[in-house]
Amino acid sequence: MTAVLTAATATAVRADERCAADRPFAEVSGADLTVPLSAGGTCTYANFDYAASAPALAQVTARVQELLPYYASVHRGAGYASQVSTASYEGARDVVAGFVGARADDVVVFTRNTTDSLNLLAGCVPGETVVLDIEHHANLLPWKKNGVRVVRSADTVAETVERIVAELCSRPAALLAVTGASNVTGEVLPIARLAEVAHACGARILVDGAQLLPHRRVDIAALGVDYLVFSGHKLYAPFGAGALIGRRDWLDAAEPYLVGGGATRDVSTEGVDWAQAPQRHEAGTPNVLGVAALAAACTALAGLDAEASERHERALCARLVDGLRGIDGVELLRIWSDSPDSVGIVTFAVDGFAPREVASYLSDQHGIGVRDGRFCAHPLLARLGRPDGAVRASLGLGSHAADVDRLVAALRELVDGGRPAAGVAG
C-alpha cells in the first residue's frame, strides 16, 4: 500500500487557478476570528479543520437569523409562527431532495447527523451489509444487527472494486455501504461503477456522503445510488442536522427508529398505527433551525459554480501538497496508487513528532487549526502504518493561499527547530 501521493494529484495548476486560490471562494462566518497565541498577542485563525465541522456560509447565518423570530414547534400548531416553522421544515425536504438529485418517490428523513442516519438505516436493512475496511466507524459499526461482511481494500481502486464484486457475488447481500470520499485521505471511490456492481449482484448501495457533498455535486438518480446520508455540520450548516435520502420500501417496512409523538397516525391502549416514512422515523420535536440551516446550505451551494469551486480546491491542494513535500520528514498518507479524484483533505505525519504535538504547536504558536488522531477510522490508520494517528489538514470554501503558505511555513519551522517528540497521540 502506498503512503505517497500520486504525481497527478500535485500536477502543476494553471496560473489563473493559482490566482483564484488567493482569496476564499465563498464567505463563511468566523473568517475574521482572532485567537490567542501562547507567546502572547493574537492572530487571525487559519481553519484547516473543515472535514470535522465546516463554518457556516454567510447565507446560512442570514437564514437562521431570519427564521429565529418565528421559531416554534411544527406540524400541529395553528399559530402563525408554528405555520412558518412548519413550512420551513417541510419545504426543506424538497430543497434537500433537489440538491442531491433524488428520484420523485425517494424519501428525505431528517436526522441528527450522518452517524444517526446510518444507524437508522441499519435497522431497516433486510439482510447483510458489505463494507470496506477503510470506512469511518459510523459506516463500520451500525450494520452488525443484521450481519456485516468487511472487505479488505487493495492497493488500487481497480482491485478494490474487484474485491467488492467477488464478495457480493459470493453470497447474497442486501446492501453495499461505501464512503463517497475518505475522511482520512479525501480519495473518492467510483460511485456509479459500485452502484452498477451492487445492483447486478442483487444488492442496494448506500453512500456516506459526509465528506463528499461539501466538495462535489452528487446526483443519486444519475449515479444509481439507493441511499445517501450526510451531515449539515460538514456542509456549512450549524445546529446538528443530517439527512437520509433514499428508497421508501425499507423505511416503511421497518420499525420506527424512535417511538413517540409525530411517528404515529393513531394510538390506543390496544396498539399503534405507525405513520409512513419520513414521519415514521422522526418522532419528537424536530431540529427546526438545524434543518432550515441545512436547506439554506444546500441552496447556497447549488448556486455556486461547481467547476470553479473544484478548480479553487485543486489549486489549494496542489499548493499544500507541494509545500509539504518540500519538508524533510513529512509523509503524506494515501490509500490507493490510482485514485482518480480527491477532495480537499491532506493527511500527513511528521517524523519525530507525535500528531498531538504537531497540532498543538500549530495552534499555540501560529493560530492554525488542524485535526490530529485516528479520525474514527482506526483500521485504516493501522493499515497506513500510523496506528498512533496522523495530522489532517482539510480545506473548504473559506480557504485561501495565504493560509496554506502559513501552514507550510509553520511546519517547516517546527521541523527545522528540532523540537523533541512529546509522546504518542491517541
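What is the volume of the largest cavity? The legends below treat this point together with several other close-up views of the structure, which is a predicted model.

**Figure 1. The largest cavity and the residues that line it.** The structure holds two cavities of 30 Å³ or more, and the largest has a volume of about 130 Å³. Its lining includes the run L213, P214, H215, R216 and R217. F99, L301, L304 and L397 also line this cavity, as do A306, S309 and E310. Helix α10 (residues 306–325) supplies the largest share of the lining, three residues.

**Figure 2. Buried residues of helix α2 and the helices they contact.** Helix α2 spans residues 58–67, and its buried residues are V60, V64 and L67. These residues lie on the same side of α2, because they cover an arc of only 70° around the axis. An α-helix has 3.6 residues a turn, so residues three or four places apart point the same way. The buried residues of α2 pack against α3 (80–99) and α9 (288–302).

**Figure 3. The open sheet of seven strands.** The strand order is β4-β10-β9-β8-β7-β5-β6, with mixed pairing. The edge strands, β4 (107–111) and β6 (148–151), each pair on one side only. From one strand to the next, the twist averages 20°. At the end of the order that holds β6, strand β5 (residues 129–132) and β6 pair in the parallel sense over four bridges. Within this view, V131 stands opposite V150 in β6. Helix α6 (residues 191–200) lies across β7 (175–179) and β8 (204–208). The direction of α6 runs at about 150° to β8.

Figure 4. Strands of a sheet pair through backbone hydrogen bonds, either parallel or antiparallel. Between β13 and strand β14 (residues 345–350), the antiparallel pairing extends over three bridges. E331 has A349 in β14 as its bridge partner.

**Figure 5. The cis peptide bond between A277 and P278.** The bond that joins A277 and P278 is cis, with omega about 10°. P278 has its place in the loop between β12 (271–274) and α9.

**Figure 6. Positive phi at H75 and F375.** H75 is a residue other than glycine, yet its phi is near 85°, a positive value. The loop between α2 and α3 holds H75. With a relative accessibility of 35%, H75 counts as partly exposed. F375, which is not a glycine either, has a positive phi of about 55°. The loop that holds F375 runs between β16 (371–373) and α12 (378–383). F375 counts as buried because its relative accessibility is 9%, under the cut-off of 20%.

Key:
Residues numbered from 1 in each chain as written. Predicted model: local features only at pLDDT ≥ 70, side-chain atom pairs only at ≥ 80, totals over all residues. Heavy atoms only, no water. Buried < 20%, exposed > 50% of the residue type's maximum accessible area, 1.4 Å probe, protein only. Helix = DSSP H or I, 4+ residues; strand = E, 2+ residues; numbered from the N terminus. Arc of directions from axis to C-beta. Contact = heavy atoms within 4.5 Å. Pairing = 2+ DSSP bridges. Axes fitted to C-alpha atoms, helices over the stretch in contact; angles between N-to-C directions. 1 Å grid on protein atoms, 1.4 Å probe; cavity = no way out; pocket = protein on both sides within 12 Å on 5 of 7 lines; lining within 4 Å. Points joined across faces, edges and corners; volume = space filled by probe spheres on them.
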